[in-house]
Protein chains: 2
Amino acid sequence: MSRQNVYDNPEFFDGYQELRDEAAGLHERVLEPHLDELLPDLVGKRVIDVGCGDGWLCRIARERGAREVQGIDPSSRMLQRARELTSDPRVTYTRGFVEDVELTAGAADVVTSVLALHYVEEIAPVLARMASWLAPAGTLLAVIEHPIVTSQNPKVGLRTVDGASVWPIDDYFAEGQRKERWIVDGVVKYHRRLDTILNAVISAGLVIERVDEPGPSTARAEPVDPDAIRPAVLAIRARKR
Amino acid sequence: MSRQNVYDNPEFFDGYQELRDEAAGLHERVLEPHLDELLPDLVGKRVIDVGCGDGWLCRIARERGAREVQGIDPSSRMLQRARELTSDPRVTYTRGFVEDVELTAGAADVVTSVLALHYVEEIAPVLARMASWLAPAGTLLAVIEHPIVTSQNPKVGLRTVDGASVWPIDDYFAEGQRKERWIVDGVVKYHRRLDTILNAVISAGLVIERVDEPGPSTARAEPVDPDAIRPAVLAIRARKR
């Protein structure tokens, strides 16, 4: 099985760094302003962050009092960047795909994954793995691209209808691969229906505690901001039974 | 406070009966084929159906073994029709709005509401009332128009973009009234974000057990079926703690 590791593609990696440096992406405009609502209490907690990328959330978790944080990511370039940006012995990074990385069962209080699970082909077994890493009463926070966003097939973005900007939905029920140009051509994401995602969380033995569809904190410079018309991300917080 | 009671409008009532007689609506094409998955076990259960209309679900609940069923609806015309169609002393009908009808707390095993809660202005207190009618471990089944459908402002239905039929989303984040022509002009429904709906279920003291976005069982005669492009309804099954 060959899994996508686009963050190790040099062209993608450079483009992604530029995007983050411009502070104009989902991270900065939609997620970071809502972190207070989205994140569970982290004081004294052992945290695993799946798809940690450059480690931004690992560092934030430590700022918010986490006892120790382990970041997991398949991209060696992203982990190299993460290690450059992190000087904290309580944050460790492990290279691996969430589908097969070996972690201790029941040893984490919080497992997070922010904007990573839409790269995963089969979400139910991955959520079950993430739940297995949690201690009883531990918390999962999963933030993924919203099904309203991933459903477009092909991705066309905003269009104009009757003179107004709209987000067109054309193929919600067909789950599976969606290829799009994002920094480079052919980035693969997976569209899942909302019911598939929520039922997978429940089947993993978790109780849904809160769902969020954060909107943008500030409007973009461009005439219409798609993130202000339709939800960009779906955030699910759930507790292990 | 004046609440909408459009089902007592004679023109609407006649048009609605025609629609149901044609068996071409959401009920027949999307809901009824999925009732086996959507409905909890009803054998021996005391059931309350909120917004029962002509009592179709009350009668189905009895066919599926419910011990007794109480249908609630604000429309006297719909309840008259329901009584004409029902010859079963274990099914009773009560006229009232869900917001203020007086029912015994903790006396129901199952509370259902199918395609009614999008007429309710404030969903959180209504879900809390419905939960209060449930005995511990009782089950709520709420089926409502999907936020993807209710969000259009104004409702424009399908449109063509790049030669394909799409369902345009233009105003997801603005919750509140949406007026549309449905049989008659000016029918008021309320758009709520998905997170608002799910968090209201959780705040009512319920644990979400299953979410469904059923698609149509058969395609319509017309060229493109909107219900095949985007989910028409959101079904939530939840259990009282």
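Two strands pair if DSSP finds at least two bridges between them. The views below show a predicted model.

**View 1**
Trp167(A) has Ile169(B) as its bridge partner in β7(B). Ile169(A) is bridged to Trp167(B) in β7(B).

**View 2. The hairpin of β6(A) and β7(A).**
β6(A) and β7(A) are antiparallel and are joined by 3 bridges. Thr160(A) is partnered by Ser165(A) of β7(A). The hairpin has 2 residues between its strands. Asp162(A) takes a positive phi there, near 50 degrees.

**View 3. The rotation axis that relates chain A and chain B.**
Two copies of a chain are related by a rotation about an axis and a shift along it. Here the rotation is 180 degrees and the shift along the axis is 0.0 Å. Chain A then superposes on chain B with an RMSD of 0.0 Å. That is the relation of a two-fold axis. Pro168(A) comes closest to the axis of all residues of chain A, with its C-alpha at 2.2 Å. The copies meet through the same surface, because 100% of the interface residues of chain A are also interface residues in chain B.

**View 4. The contact surface of chain A and chain B.**
On each side, 36 residues make contact: 36 of chain A with 36 of chain B. About 2800 Å² is buried between the chains. Carbon and sulfur atoms give 63% of that area. Ile169(A), Phe173(A) and Glu213(A) supply 22% of what chain A buries against chain B, more than any other three residues.

**View 5. Polar contacts and a salt bridge across the interface.**
The rule finds 16 residue pairs in polar contact between chain A and chain B, both residues at pLDDT 80 or more. β10(A) gives the most, with 6 residues. By class, the side of chain A that touches chain B has 20 nonpolar, 3 polar and 13 charged residues. Across the interface there are 2 salt bridges. One of them joins the side chains of Arg159(A) and Asp162(B), at 3.1 Å from N to O.

Technical notes:
Residues are numbered from 1 along each chain as its sequence is written. Chains are lettered from A and ligands numbered from 1 in the order in which they are written. This is a predicted model: local features need pLDDT of at least 70, side-chain atom pairs count only at pLDDT 80 or more; totals for chains, interfaces and linings use all residues. Side-chain values use heavy atoms; hydrogens and water are left out. Contact means heavy atoms within 4.5 Å. Buried area is the accessible area (1.4 Å probe) that two parts lose on being put together, summed over both. A salt bridge is a side-chain nitrogen of Lys or Arg within 4 Å of a carboxyl oxygen of Asp or Glu. A polar contact is a pair of N or O atoms within 3.5 Å; within protein, one must be able to donate a hydrogen and the other to accept it, and residues adjacent in sequence count only if both atoms are side-chain atoms. Helices (H or I, at least four residues) and strands (E, at least two) are DSSP runs, numbered from the N terminus. Ala, Val, Leu, Ile, Met, Phe, Trp, Tyr, Cys and Pro count as nonpolar, Asp, Glu, Lys and Arg as charged, and the others, Gly among them, as polar. Copies are superposed by least squares on the C-alpha atoms of residues with pLDDT of at least 70 in both.
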